[in-house]
Amino acid sequence: MPTVTRTFTVTTPPELVVDYLRDFGHAEQWDPGTRTCERIDSGPVTEGSFWHHVSTIAGVTVELTYKLEELTDRKLVFVGENQSSRIIDTITVDAEGTGSAITYVADLEMFGAARLFGPVMALVFQKRAGDTEKQMATVLNQLATSSN
């Protein structure tokens, strides 16, 4: 199971980071591979909320149903699943001065015949994680600017 970890800092305080990231629909803004991400249930965004997520990975369109599994004032865990894979995104947010230190961990598990692509997906996953880190940092830093 490929796992990637990225840690970076932003100027946005932790409470604003968590409030923004808890809505996985915002992945359209911070994840360069995301094409669409729409909420498929209603009400406040809490543990148990769901999204339909469409992304492109290595030129292939992938659809996952994501669930917000865990939400605290410093940690978010999203689990995305389809018939051939499961992705667990864990985002931890700690105070760093007036901003935040963010640790983003993505674990990919592939099922059935898709497991044959594991080594290739590990490389693709590493590149995508770097792109996501840059985009997420940019979006979160802009969030800090707009909230002042």
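User: In the largest nonpolar core, which residues touch the most other members?

Analyst: The core in question holds 33 residues, a nonpolar core being a set of buried Ala, Val, Leu, Ile, Met, Phe, Trp, Tyr and Cys residues joined through side-chain atoms within 4.5 Å. The model is predicted, and local features need pLDDT of at least 70, side-chain atom pairs count only at pLDDT 80 or more, while totals for chains, interfaces and linings use all residues. Residues are numbered from 1 along each chain as its sequence is written, and side-chain values use heavy atoms, with hydrogens and water left out. The members that touch the most others are L21, F24, W30, W51, I91, I102 and M136.

User: Which residues does L21 touch, not counting those up to four places away in sequence?

Analyst: L21 belongs to that core, and it falls within helix α1 (residues 14-21), which lies across β1, β4, β5, β6 and β7 (99-110). Taking contact as heavy atoms within 4.5 Å, and leaving out residues up to four places away in sequence, L21 touches W30, L76, F78, I91 and M136.

User: How many of the residues of strand β5 are buried?

Analyst: Helices (H or I, at least four residues) and strands (E, at least two) are DSSP runs, numbered from the N terminus, and β5 spans residues 75-81. Buried means under 20% relative accessible area, with exposed over 50% and partly exposed in between (1.4 Å probe, protein chains only). By that criterion β5 is mostly covered, the buried count among its seven residues being five.

User: Which residue in β6 is the bridge partner of F78?

Analyst: Two strands pair if DSSP finds at least two bridges between them, and β5 is joined to β4 (residues 60-71) by six antiparallel bridges, with L68 standing opposite F78. Toward β6 (residues 85-96), β5 runs antiparallel over seven bridges, and the two strands form a hairpin with three residues between them. Within this pairing, V79 has I88 as its partner, whereas the partner of F78 is D89.

User: Why is one side of β1 and of β2 left without a neighbour in the sheet, and by what average angle are neighbouring strands turned?

Analyst: The seven strands form an open, antiparallel sheet in the order β1-β7-β6-β5-β4-β3-β2. Because β1 (3-10) and β2 (34-39) stand at the edges, each has a single partner strand, and one side of each is therefore left without a neighbour. Axes are lines fitted to C-alpha atoms, for helices over the stretch in contact, and angles run from 0 to 180 degrees between N-to-C directions.
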